[in-house]
Amino acid sequence: QDLPMCARPVGAGLHALVSHPSLLLVSQAVGVGKPDPAIFALFFERLRRLEPGVAPAELLFVDDKPANVEAARSLGWRGLVFSSKTAPAGGFAAECAALGLVLPGSAPAGVAGEAAGEAAGGGSAEGGQVPAAAAELLTSS
């Protein structure tokens, strides 16, 4: 459906990016936005309904604005300031590897492919694996 941007529903097209519809947070719709810690708390509350055992330290928030990353960190999340506009090719994977994280579908040097598969399937945060319920916080800027 080709609607002009102003006629599209808030968050249109973003649902394909999240694993569950309740995890799509659009600041206009929820009345709060980054860097207010309340939007991170709301996301975590919704995530806990789907993944009751998830802990804040298992979540990674990535943004190009340091204030937004600091807000997530203030609630116990991991945070990474990153901009794809200025990073070299492979920069994101390198930054995650520096944090000890294994991205789904990849494995850092010396890590067996099985570990990467576990990460994609929701392995624990122990050993630096990214849980399946990775942070999917999307808000309008």
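What share of the contacts in the protein chain between residues at least 6 apart in sequence joins residues at least 24 apart? With a contact taken as heavy atoms within 4.5 Å, the share comes to 41%. The structure is a predicted model, in which local features need pLDDT of at least 70 and side-chain atom pairs count only at pLDDT 80 or more, while totals for chains, interfaces and linings use all residues. Residues are numbered from 1 along each chain as its sequence is written, and side-chain values use heavy atoms, with hydrogens and water left out.

Start with the overall layout. Helices and strands here are DSSP runs, numbered from the N terminus (helices: H or I, at least four residues; strands: E, at least two). On that basis the protein chain has five helices and two strands, and going along the sequence they come in the pattern α-α-β-α-β-α-α. Some 33% of the 141 residues count as buried, where buried means under 20% relative accessible area, exposed over 50% and partly exposed in between (1.4 Å probe, protein chains only). The accessible surface of the protein chain is about 8000 Å², and carbon and sulfur atoms account for 57% of that; these areas come from the Shrake-Rupley method with a 1.4 Å probe, and for residues only the protein chains shown count as cover.

Next, the strands. Strand β1 (residues 60-63) and β2 run parallel and are joined by four bridges; strands pair if DSSP finds at least two bridges between them. Leu-60 stands opposite Arg-78 in β2, and Asp-63 has Val-81 of β2 as its bridge partner. Together with helix α3 (residues 66-73), β1 and β2 make up a right-handed β-α-β unit. Right-handed here says that, with the strands pointing away from the viewer, the path from the first strand over the helix to the second runs clockwise.

Most peptide bonds are trans. The one from Lys-34 to Pro-35, though, is cis, with omega near 5°. Pro-35 sits in the loop between α1 (27-30) and α2 (37-50).

As for the interior, a nonpolar core is a set of buried Ala, Val, Leu, Ile, Met, Phe, Trp, Tyr and Cys residues joined through side-chain atoms within 4.5 Å. The largest one has 15 residues, and Phe-40, Phe-43, Leu-47, Leu-59, Phe-61 and Trp-77 touch the most other members. Two or more residues come from each of α2 and α3, with α2 giving the largest share, five residues. Another core lies apart from this one and has six residues, among them Leu-80, Phe-82, Cys-96 and Leu-103.

Leaving aside residues up to four places away in sequence, Cys-96 touches Leu-60, Leu-80, Leu-101 and Leu-103. Leu-60 is 36 residues from Cys-96 along the chain, with 9.5 Å between the two C-alpha atoms.

Then there are the rings. Rings of Phe, Tyr and Trp (its six-membered ring) pair if their centres lie within 6.5 Å, and planes under 30 degrees apart count as stacked, over 60 as edge-to-face and the rest as tilted. That rule gives five aromatic pairs. Phe-82 and Phe-92 are edge-to-face, because their ring centres are 5.3 Å apart and the planes stand at 65°. Since Phe-82 is in the loop between β2 (78-81) and α4 (91-98) while Phe-92 is in helix α4, the pair ties together parts 10 residues apart in sequence. Phe-82 is buried, at 17% relative accessible area, whereas Phe-92 is partly exposed at 29%. Elsewhere, Phe-40, Phe-43, Phe-61 and Trp-77 form one aromatic cluster.

Finally, the loop between β2 and α4 also holds Lys-85 and Thr-86. Lys-85 counts as exposed at 78% relative accessibility, and so does Thr-86 at 68%. The C-alpha atom of Lys-85 is 9.4 Å from that of Asp-64, 21 residues away along the chain. For Thr-86 and Asp-64, 22 residues apart along the chain, the C-alpha separation is 9.9 Å.
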